Amino acid sequence: MSVSFALSPEQQQLKSDVRAFARGVLAPLMEQVRAERDPQIRAGLMRPAVEAAVEAGMLRALIPAPFGGAATNGVDAALFIEEIAVESPDFFITMAGPLIALAPVYEVGTPEQIERFVSPFLASEGAPVAAMAFSEPDGSANFGAEAPADGVLTTAVPDGDEWVVNGRKAWSSLLPGWDGDGPDIMTIVCRTPGGVSLVVAEREQLAGRIEVEEYYDLPGLTGCMTARVRLHDVRVPKSHLIGEEGDGVRLTLNAFMASGASIGTFATAAARRAWEVAYEFATTQKRGGAVPIIEYQSVSDVLADTKGRIEAMRLLGWRSLDAVIAQDPAGGELALHSKVFGSESGLAVVNDLIKVVGVTAYDSNFPLVRHLNDALAYPIIEGSNTGVRRRQLQAMLAAEGFDPLAASGLS
Ligand SMILES: Cc1cc2nc3c(=O)[nH]c(=O)nc-3n(C[C@H](O)[C@H](O)[C@H](O)COP(=O)(O)OP(=O)(O)OC[C@H]3O[C@@H](n4cnc5c(N)ncnc54)[C@H](O)[C@@H]3O)c2cc1C
């Protein structure tokens, strides 16, 4: 069988539908978001768009088919993410919390847990949200470390038929939910007597037990709701433990695998839009000279080099998401390359394109630096490249029997 990179008619349709939603709904929404100073109000502006996406079946399209959704393959997911993220990566991050928070439930959840925790996200109305509560204010990169290190500080203590959860969490999108009473579900990385574990709290257990300490004011991805919260005696049924006690480190790292792969696609979207802006400038602006600036070799070299990098990032994003979702053993390594190479290339590309445009780019109203602010996030979110992702690559490369051709299927 040959490998084809041509989009099927269904994928062409998917691309066109999502692009129409992004241009029609998200582009005007982002004008409003950029004009709002208060981070909590800004994030709340996303809610009607999430409702519209849920009604259009877009959230369901991201839930894997075996769990009642319609997601089937990684290239579709990459097309979806890129078209949304060209206009509003903030929106995808807001809507897609369940992709990470439910990943451990898909992996090891009991049939009852799957039924209970997935069903809110199969609805065709409302704006259900989920948070993967991994990060903590005092650090996350060493969350699995044992004493004398702190590791994860949030605790879940058994008390009769319940876990009593206490601690502070930070950064996860929608940790406070739309109204401060919590998201529909929160998957909490915590320490139980048996080690690092995952428990799922529902909104009914979180309401009144979350104290929002601060809504973060982000320089990019400004429509995302990120906050620092304290959990006070959140009582969760014992049956909400996901997998076994002590499985939390492995399940958490696995949960961030597909989202890590998708960061290469987010970075592609930022770089694509920045390239379009710089190209338009270079082909139309003479800046006092006799010819448009693209006629200067130094300018066109940057445009050519950045375009080539964007093409490479996009293909790696497709390939890695395809492998992760197909559960191809190559997915683990490819997801890390898409995260690390994709995020760092995206940032470098946008930075290079700013130099093509010159000082005009330094006006906040000129549509370029905003993509740099988004791209700055990609090396540090979904597990920073330095603190988490390169360490995962190091462990892979240093493992006995590492096969350098396996990621390409060429062993
Ligand atoms: C918009 C947005 C959305 C987010 N969504 C979520 C989410 O849904 N869920 C969630 O839990 N988090 C989320 N985060 C946080 C994000 O995933 C971070 O990547 C994560 O908290 C890890 O950060 P860190 O690696 O910088 O950790 P930290 O522990 O804060 O480490 C800080 C730095 O110290 C250094 N370092 C620490 N330990 C080591 C080590 N052992 N080796 C080498 N260097 C080390 C590294 O330079 C590292 O970057 C989000 C953040 C943003 C901005």
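**Entry 1: strand 5.** I looked up strand 5 (residues 195–202) and found it mostly covered, with eight of its eight residues buried (under 20% relative accessible area, with a 1.4 Å probe and protein chains only). I note that this is a predicted model, in which local features need pLDDT of at least 70, side-chain atom pairs count only at pLDDT 80 or more, and totals for chains, interfaces and linings use all residues. Residues are numbered from 1 along each chain as its sequence is written, and side-chain values use heavy atoms, without hydrogens and water.

**Entry 2: partners of strand 5.** I traced eight antiparallel bridges between strand 4 (residues 185–192) and strand 5; pairing requires at least two bridges found by DSSP. The two strands form a hairpin with two residues between them, and Arg 191 stands opposite Val 196 in strand 5. Strand 8 (residues 241–242) also runs antiparallel to strand 5, joined by two bridges. There, Leu 198 stands opposite Ile 242.

**Entry 3: helices 12 and 14.** I then examined helix 12 (residues 331–357) and helix 14 (residues 385–398), which pack at about 140° with axes 10 Å apart; the axes are lines fitted to C-alpha atoms over the stretch in contact, and angles run from 0 to 180 degrees between N-to-C directions. Contact (heavy atoms within 4.5 Å) involves residues including Leu 336 and Val 340 of helix 12 and Arg 389 and Leu 393 of helix 14.

**Entry 4: burial in helix 14.** I recorded Asn 385, Gly 387, Val 388, Arg 389, Gln 392 and Leu 393 as buried. Their cover includes helix 10 (248–284) and helix 12.

Terms used. Helices (H or I, at least four residues) and strands (E, at least two) are DSSP runs, numbered from the N terminus. Buried means under 20% relative accessible area, exposed over 50%, partly exposed in between (1.4 Å probe, protein chains only).
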